[in-house]
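Hi,

Here is the structure I said I would pass on.

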Amino acid sequence: MQTKIETSTVKHVRTVERLITGQATSDGAGVKLTRVLTQNLQQRLDPFLMLDAFGSDKPDDYIAGFPDHPHRGFETITYMLAGRMLHRDSAGNEGLLENGDVQWMTAGRGVIHSEIPQQKEGVMEGFQLWLNLPKRDKMNTPWYIDFKNTELPKYVTQHGVEVTVIAGESNGVTGAVTREITQPRYLDIHMPASTQFEQTLSSAHNAFIYVYRGEVSVAGKAVPAQRMAIFANESQSDGVIIEASEDAKLILISGQPLKEPIVQYGPFVMNTQQEIYEALSDFREGRLGEFSK
Ligand code: MN
């Protein structure tokens with residue numbers, strides 16, 4: 001892994017606006033998960049629509065998976081920390097996600113897909129993030145790519161902080177996927193005890209972290225495991241400094257808000273109610289998946 005000398009460039013740090021405890025829920029055919037980014041945070045965290053965290057060593061919590069279901073109008077990014085999940089979709093894509101792999105799917109005008117566990121025991125843990133598409137791209141052709149963990153861009157800082165750059169840019173390292181309009185940044189950050197990590201961030205971008213091991217602190221505020229910290233958008237701020245007094249793992253996500261109307265009905269996210277009706281009738285009449293062929 002390449003070592004990057006992290007130079008201190010952040011002068012005005014962002015503070016933590018608030019901590020969020022997700023909502024326990026289930027989705028698909030009964031997969032237990034924590035919805036960290038819920039619908040009431042979609043405006044605040046624009047362009048991100050949803051973040052689910054799943055993690056269990058009890059097969060009953062995940063075994064049924066997510067049988068065939070549709071999506072339209074946004075992108076889904078699945079980061080599989082542990083476990084094996086098979087994806088199949090109406091565009092003919094198939095991919096097996098395993099420990100540390102990432103799948104990026106642009107639903108665009110319509111995809112029908114299934115996400116089914118390929119294990120009968122053991123731990124299944126990971127995240128699914130929904131990233132909105134700008135109005136002009138919502139009806140684009142669906143797109144799909146998956147990355148083995150070893151294919152993901154990574155670096156380590158001189159302090160020993162390991163960073164996987166799933167999307168966007170960090171410390172001069174370009175991520176696996178970039179997007180021009182929403183400019184998503186998606187980092188997985190592994191921090192040994194007594195280290196700190198800096199990330200420059202445009203003050204206009206909405207940004208948050210989710211800690212999944214240990215505890216970190218940001219501008220003096222403790223962020224324990226299983227919490228999301230939403231960063232304030234102070235106009236003069238130019239980045240964030242994260243400190244870990246113990247071993248910690250977290251994801252950092254930021255993006256440029258679209259500032260367009262968000263109308264969600266289940267797996268469809270469009271700009272108007274009329275577009276939702278069209279998505280529903282396309283789905284009911286069997287046209288939604290057909291579009292992607
Ligand atoms: Mn899905």
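Lys 259 sits in the loop between strand 25 (248-255) and strand 26 (263-265). A quick word on the labels: helices (H or I, at least four residues) and strands (E, at least two) are DSSP runs, numbered from the N terminus. The model is a predicted one, in which local features need pLDDT of at least 70 and side-chain atom pairs count only at pLDDT 80 or more, while totals for chains, interfaces and linings use all residues. Residues are numbered from 1 along each chain as its sequence is written, and side-chain values use heavy atoms, with hydrogens and water left out.

Back to Lys 259: its phi is positive, about 55 degrees, although it is not a glycine. Most residues other than glycine have a negative phi, and most peptide bonds are trans. Lys 259 counts as exposed because its relative accessibility is 73%. For this term, buried means under 20% relative accessible area, exposed over 50%, and partly exposed in between (1.4 Å probe, protein chains only).

Ser 194 also has a positive phi, near 65 degrees, and is a residue other than glycine. You'll find Ser 194 in the loop between strand 18 (185-191) and strand 19 (195-200). With 67% relative accessibility, Ser 194 counts as exposed.

**A cis bond and a buried arginine**

Which residues does the cis peptide bond with an omega of about 20 degrees join? They are Asp 46 and Pro 47. Pro 47 belongs to the loop between strand 4 and strand 5.

Arg 72 is in a loop too, the one between strand 6 (66-71) and strand 7 (74-82). Is Arg 72 buried or exposed? Its relative accessibility is 1%, so Arg 72 counts as buried. Its side chain makes a polar contact with the side chain of Asp 282, at 3.0 Å. A polar contact here is a pair of N or O atoms within 3.5 Å; within protein, one must be able to donate a hydrogen and the other to accept it, and residues adjacent in sequence count only if both atoms are side-chain atoms.

**Aromatic rings**

The structure holds six aromatic pairs. Rings of Phe, Tyr and Trp (its six-membered ring) pair if their centres lie within 6.5 Å; planes under 30 degrees apart count as stacked, over 60 as edge-to-face and the rest as tilted.

One of the pairs is Phe 127 with Tyr 210, edge-to-face, at 5.7 Å centre to centre and 80 degrees between the planes. Phe 127 lies in strand 12 (residues 124-132) and Tyr 210 in strand 20 (residues 206-213), so this pair ties together parts that are 83 residues apart in sequence. Both Phe 127 and Tyr 210 are buried.

Phe 127 also pairs with Tyr 212: the ring centres are 5.5 Å apart and the planes at 65 degrees, so this pair is edge-to-face. Here Phe 127 in strand 12 and Tyr 212 in strand 20 are 85 residues apart. Tyr 212 is buried, with a relative accessible area of 5%. Together, ring pairs link Phe 127, Tyr 210 and Tyr 212 into a cluster.

There is also a charge over a ring: Arg 179 lies over the face of Trp 143, 5.0 Å from the ring centre. The rule for that is NZ of Lys or CZ of Arg within 6 Å of the ring centre and within 35 degrees of the ring normal.

**Pockets**

The largest pocket has a volume of about 440 Å³. A pocket is found on a 1 Å grid over the protein atoms alone, as an open set of points where a 1.4 Å probe fits, with protein on both sides within 12 Å along at least five of seven lines; lining residues have an atom within 4 Å of a point. Grid points are joined across faces, edges and corners, and a volume is the space filled by probe spheres set on the points.

Its lining has 26 residues, of which Asp 27, Arg 35, Met 50, Asp 52 and Trp 130 lie nearest the centre. Strand 6 gives the most to this lining, with five residues.

The second largest pocket holds about 220 Å³ of space. It is lined by 16 residues, and Thr 34, Ala 53, Phe 54, Gly 55 and Gln 226 lie nearest its centre. Strand 5 gives the most here, with four residues.

Cheers
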